[in-house]
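Subject: Structure handover

Hello,

Here is the structure for your files. My notes follow below it.

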Amino acid sequence: MKHATRRVVGLSLVSLTGLAAFVIVAMLALILLDVVKGGASHLSWEFLTQAPTDGMMGGGIFPALFGTAALTLLMTVAVMPVGVLTAVYLHEYAPPNGRMARLVRVAVANLAGVPSIVFGLFGLGFFILFVGKGMDRALGYEELHWAQPGILWASLTLAVLTLPVVIVSTEEALRAVPLDHRTASLALGATQSQTLARVVLPGALPGILTGAVLAISRGAGEVAPILFTGAAYFLPDLPTSLNSQFMHLGYHTYVLATQSPDVEATRPLLYATVMVLLLLTFTLNLVAVLIRTRTRRKAASGH
Amino acid sequence: MPPTSATPRNKMESRELTLRYGSKVAIHQVSLGIPEHRVTALIGPSGCGKSTFLRSLNRMNDLISGASHEGSVYLDGRSIHDRALDVVDLRRRVGMVFQKSNPFPKSIFENVAYGLRVGGLKDKAKLQARVEKSLRGAALWDEVKDRLDESALGLSGGQQQRLCIARALAVEPEVLLMDEPASALDPIATAKIEELIHELKSTYTIAIVTHNMQQAARVSDQTAFFYMGELVECGPTEQIFTNPREKRTEDYVTGKFG
């Protein structure tokens, strides 16, 4: 190839990759700009702390905010132990490349690929109609108590959805703990479980926390899995028990966008809601990044 | 009494020990005694099996999947592969210091206290006393006594390695295995470690793997030369370096190959 041609090829490759990178940034900027432009003026303390009024054409989003928070909290409580224990089994105990480990890994990978609406249907079929009904029968409820959509079932459905995120990031975190530390611990007469509890898990903690935050930010934004399992169109009251229905930011956005009798009147509300939802997930992602960099720095300096 | 005079009893002894990784033979029928309160140096070219042999003395090879062995190793006359013997107890009696210093990302104090804590020692005063004793034993106390709560990773390479020695000493082992403990250190830090080994042998039985001929000659009482998985020759260090029986040993210690 001649020198000039090489130069042209090189330059065009640089500009092509640069352009692709720029498009990503531009997309995000456009979305943010649009949302902020439409919603910033309507965002206020009252908007965050009041219930919707006037057939959802006025008021705020407090029940949806509260519902989203309660839902993701329950989800986290459910998903973390299962996810972390699975990852510990896979990485620390299962024979590497053994049949069991391979089976679990294939299951995790496929779980991550299932469309979220399918999780919603699964939640309805399994948690509500199977587990819930069984509980009602066993506990002797005459009317529907557990066999109906509620925040418990919705959070468990989300937990199943976010399980792969937790497992994969925990496994990654376990892998990042140096082999040296394990052998040093074992050579000092520690058992495998002592090594796990005193060296491996503390070393993996930042990675595990990052996984938790990523799971939360993923779970907080999903709507499809909670459609049939607990999200309510409109509830003036906050959920009071595990079988209560709840309002949710994502579903509220959908409702405002499609079910309003007066689109023009609800538009600012819609924008402001979306802005809150975005702020929430961005903040969570930011927290994840902060945990990661802070602990990385700590690991480097060794405190 | 000069260290090489009377023949002491063997603290540890391997009898026809063969170790395989999968189908690959790493060491073949090695019979070697490690005399009590002496320093035994294991020398030989890379891949000769000396590290594998060292690691089999406290069963660290168990951690490698696919490793299997024939023959056995005896500690005070008792097989370390005995079913009744707990590998955790074995490793408390036979401590190890690794080539790369590997302190935990914890404070200096917690690093040394680690083996004691996993052993169930909770008493604070006792912990402090043992940590101080171990750090003194590793000739590190004066350098770190004012910053025991600081991270161990803030220490220099040589200090980190002495910390790892202190950490191993804290459990009060009977035997100390050292896998090229000074290979990543500068000459001054190396000299400190060698001096330390000299002091430690009155209390402990030491086996050390080294690539450095001069080091083996300086620190050890007995030297074992490994080549291609076999123990070629073992004898008093002075004899190995000045008057070896085997041609291969002579070629190696005089630098003709290796």
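Which residue of chain A forms a salt bridge with B:K100? The partner is A:D180, and the closest N and O atoms of the pair are 3.1 Å apart. A salt bridge here is a side-chain nitrogen of Lys or Arg within 4 Å of a carboxyl oxygen of Asp or Glu.

Conventions first. This is a predicted model: local features need pLDDT of at least 70, side-chain atom pairs count only at pLDDT 80 or more, and totals for chains, interfaces and linings use all residues. Residues are numbered from 1 along each chain as its sequence is written, chains are lettered from A and ligands numbered from 1 in the order in which they are written, and side-chain values use heavy atoms, with hydrogens and water left out.

**Chain A against chain B**

The contact takes 19 residues from chain A and 22 residues from chain B. Contact means heavy atoms within 4.5 Å. The two chains bury about 1,800 Å² between them. Carbon and sulfur atoms account for 62% of that area. Buried area is the accessible area (1.4 Å probe) that two parts lose on being put together, summed over both. On the chain A side, A:A187, A:L188 and A:R198 lose the most area to chain B. Together they give 33% of what that side buries.

The count between the chains is one salt bridge. Seven residue pairs are in polar contact across the chains, both residues at pLDDT 80 or more. A polar contact is a pair of N or O atoms within 3.5 Å; within protein, one must be able to donate a hydrogen and the other to accept it, and residues adjacent in sequence count only if both atoms are side-chain atoms.

Three helices of chain A each supply at least two residues of the side that touches chain B: α7 (179-187), α8 (192-221) and α11 (263-301). Helices (H or I, at least four residues) and strands (E, at least two) are DSSP runs, numbered from the N terminus. The largest share of that side, seven residues, comes from α7(A). By class, the chain A side has seven nonpolar, 10 polar and two charged residues. Ala, Val, Leu, Ile, Met, Phe, Trp, Tyr, Cys and Pro count as nonpolar, Asp, Glu, Lys and Arg as charged, and the others, Gly among them, as polar.

**Helix α7 of chain A**

Seven of the nine residues of α7(A) are buried, so the helix is largely enclosed by the rest of the structure. Buried means under 20% relative accessible area, exposed over 50%, and partly exposed in between (1.4 Å probe, protein chains only). The buried residues are A:H181, A:R182, A:T183, A:A184, A:S185, A:L186 and A:A187. A:G189 follows the helix, with a positive phi near 90 degrees.

**Domains of chain A**

The domain assignment gives domain 1 (1-42) and domain 2 (44-301). Such bounds come from an automatic or database domain assignment. Nine residues of domain 1 and 10 residues of domain 2 make the contact. The domain centres, taken over C-alpha atoms, are 33 Å apart. The area buried between the domains is about 800 Å², and carbon and sulfur atoms give 77% of it. The side of domain 1 that touches domain 2 has five nonpolar, three polar and one charged residues. Zero salt bridges are counted between the domains. Two residue pairs are in polar contact there, both residues at pLDDT 80 or more.

**Salt bridges in chain B**

Over all chains, the structure holds 27 salt bridges. One of them pairs B:D76 with B:R93, at 3.0 Å between the closest N and O atoms. B:D76 lies in the loop between β4 (67-75) and β5 (78-79) and B:R93 in helix α2 (residues 87-93), so the pair ties together parts 17 residues apart in sequence. B:D76 is partly exposed at 32% relative accessibility, and B:R93 is partly exposed at 26%.

B:E172 and B:R130 also meet in a salt bridge (3.5 Å, N to O). B:E172 sits in the loop between α6 (157-170) and β7 (175-179), and B:R130 in helix α4 (residues 124-137), 42 residues apart. B:E172 is partly exposed at 39%, as is B:R130 at 25%. Salt bridges that share partners join B:R9, B:K11, B:E36, B:D76, B:R93 and B:E174 into one network.

Best regards
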